[in-house]
Structures are given as structure tokens and as C-alpha cells.
Amino acid sequence: MNLLIFGLGYTASHFVARYGQRFAHVAGTYRSPTPGEKLPELPDVERLEFDGLKASPAIKAAIANATHILTSIAPDDEGDPVLRHFGAAIAQAPHLAWIGYLSTVGVYGDADGAWIDETAPLRPTLERNGVRVRVEQAWLDLARKCGVDAQIFRLAGIYGPGRNAIVNLRRGTARRVVKPDQVFNRIHVEDIAGTVMAGIGNPKAGPFFNVTDNEPAPPQDVVTFAAGRLGIEPPPEVAYEAAQMSPMARSFYGENKRVSNRCIREDLGYRLAFPTYREGIEACAREDT
């Protein structure tokens with residue numbers, strides 16, 4: 001198996017660190033890293049620069065060699081930059097067997113706190129997630145045209161080493177914003193990696209998978225638990241209406257849903273390493289010392 005990753009950022013880097021040895025060759029595109037973000041070292045990965053603005057012969061050569069393509073690049077205002085620049089090359093890739101696309105549970109929009117699964121209607125409340133819906137379908141259409149398997153992984157809020165409530169508390173940036181009955185869905189980055197690998201091992205399943213842990217929870221509960229793990233007092237609670245937040249941060253509170261992960265457990269047979277935020281925060285506390 002030869003793997004090509006579009007967008008070798010936080011999530012995809014952890015996937016390669018955990019499972020890269022299962023592939024004969026791994027190549028990945030990159031942009032400038034986020035300042036201060038801790039990423040795994042990946043010495044055996046062929047790195048290909050892609051700024052989202054133009055194609056390159058080196059990436060087209062990697063496409064021609066790939067049996068598996070995983071893409072984690074978010075859409076821009078014009079759609080998906082990978083499809084825009086490399087769709088034709090992917091359609092002609094001679095060895096391609098599988099395409100994986102990392103999307104978001106944001107495509108469902110708001111469910112007023114109710115439980116939903118992959119059969120729920122897609123009613124995104126944010127334009128960026130409306131674009132995601134169209135891009136998901138575009139990848140499925142391309143895979144159908146190529147005659148290859150494709151899977152869409154709809155990710156909950158991602159946390160893990162270097163990106164979690166423990167780190168935020170130590171930096172003094174953690175907050176406990178309280179909106180009554182609000183819950184968020186989340187997933188440890190290692191469980192994203194495990195789910196994607198399970199999909200590669202069962203490519204006919206799906207094509208849609210919600211990648212989230214077992215327990216949607218209020219965001220302030222996670223901060224409180226992390227503070228207890230550190231043996232410190234949590235920051236004071238702030239009412240949502242009074243909290244000062246960026247428009248981006250506030251937009252997340254406009255959607256409230258409990259997302260089921262039954263399909264990754266039953267259809268892919270994946271067992272979560274971190275079934276709730278408690279196990280995940282415990283691991284982060286050990287890693288981010």
C-alpha cells in the first residue's frame with residue numbers, strides 16, 4: 001500500500017505516526033505549521049509542498065503511485081482545493097483503491113441536543129459546513145467515477161497531545177463558558193487514527209462515519225475535570241451571554257447535538273481507546289508534562 005495524504009497537519013500526522021509503518025510508502029502535502037503546535041516527527045514521510053493555489057508535478061507523481069489517498073484539507077471559499085487542482089489526476093490514478101475524506105459533524109447543524117446518527121438530515125447552520133456537504137458529495141462522485149471505495153469520516157471536536165484542556169489550563173487560557181443544556185462532541189486524535197485505519201481495513205463499509213467518543217458533555221465539565229487532575233481550582237464559570245468570544249468560537253455554541261458513534265463500533269469493529277473525555281484527559285495529563 002502506498003499512502004498519499006493531502007494536509008499533513010495535526011490529525012493526519014498522528015495517523016502516520018501510529019500507522020505509517022503499515023504502508024510501503026507515505027507521502028504528504030504540507031503548508032507552514034501552526035506556530036507552537038506539537039506534531040509527531042515523521043522522518044520517513046516524503047513531504048510535498050502544496051499551498052492550495054497550484055498543482056505540482058511532484059504531487060501528480062505521488063497520485064499516480066498511490067493506492068490510498070487520505071485528505072484532511074478544509075474547503076476554501078471556492079470549494080475543495082485538492083479536487084480543484086488534482087481531481088483529474090486522481091480520476092486517472094492507475095493504482096488507486098481507496099479514498100478517505102476527513103469532514104466534520106458540523107454538517108448536521110443543530111439538533112437541539114437530541115441524539116443523531118449518520119442517517120440524520122444534513123442541515124448545516126454555518127456556510128463553511130454547507131460547503132463541506134457539497135465537498136463530501138464531490139469526493140464520493142469522484143470515487144464512483146474512478147471505481148474505487150471511499151469513506152467520509154465526520155469528526156467531532158479534536159483534542160490530544162498538545163491540544164487539550166490540560167495545556168489550556170497551564171497556559172491560563174482555559175475558560176468555563178456555561179450555556180444551559182449545551183453539549184459538545186469530541187474525539188481524541190488517536191481514536192481518529194484508529195477509525196481511519198479500521199476503514200482502510202474494511203473499505204466497503206459506510207461510506208459515512210461519525211467519529212466521536214461515547215459521551216457528549218458540557219465544555220465546562222471537561223475543564224473542571226482537567227483542573228481536578230492538575231490539583232488546581234478551575235477558572236470561574238462565565239455565562240454564555242456575558243462571555244467575550246470571537247465570532248468563530250461563539251458559532252460553535254449555536255449547534256447542540258449528541259452524535260452517535262455506533263457505526264464505527266459496529267460496522268468497523270473499532271474499539272475506542274478513549275471512550276470519554278476522562279480517559280483522554282488522563283492521557284493528556286501524562287503526555288503534556
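1. In S4, which residue is the bridge partner of isoleucine 5? The partner is leucine 70, and strand S1 (residues 2-6) pairs with strand S4 (residues 68-71) in the parallel sense over four bridges, where pairing requires that DSSP finds at least two bridges between the strands. Helices (H or I, at least four residues) and strands (E, at least two) are DSSP runs numbered from the N terminus.

2. This is a predicted model, in which local features need pLDDT of at least 70 and side-chain atom pairs count only at pLDDT 80 or more, while totals for chains, interfaces and linings use all residues. Residues are numbered from 1 along each chain as its sequence is written, and side-chain values use heavy atoms, with hydrogens and water left out.

3. The seven strands of the open sheet follow the order S3-S2-S1-S4-S5-S7-S11 with parallel pairing. Strand S3 (46-49) and strand S11 (208-211) are at the edges and have a single partner strand each, so one side of each is left without a neighbour in the sheet.

4. H1 lies across S1, S2, S4 and strand S5 (98-104), and runs at about 160 degrees to S1; helix H3 (residues 81-91) lies across S1, S4 and S5, at about 155 degrees to S1. Contact here means heavy atoms within 4.5 Å, and the angles, from 0 to 180 degrees, are taken between N-to-C directions of axes fitted to C-alpha atoms, for helices over the stretch in contact.
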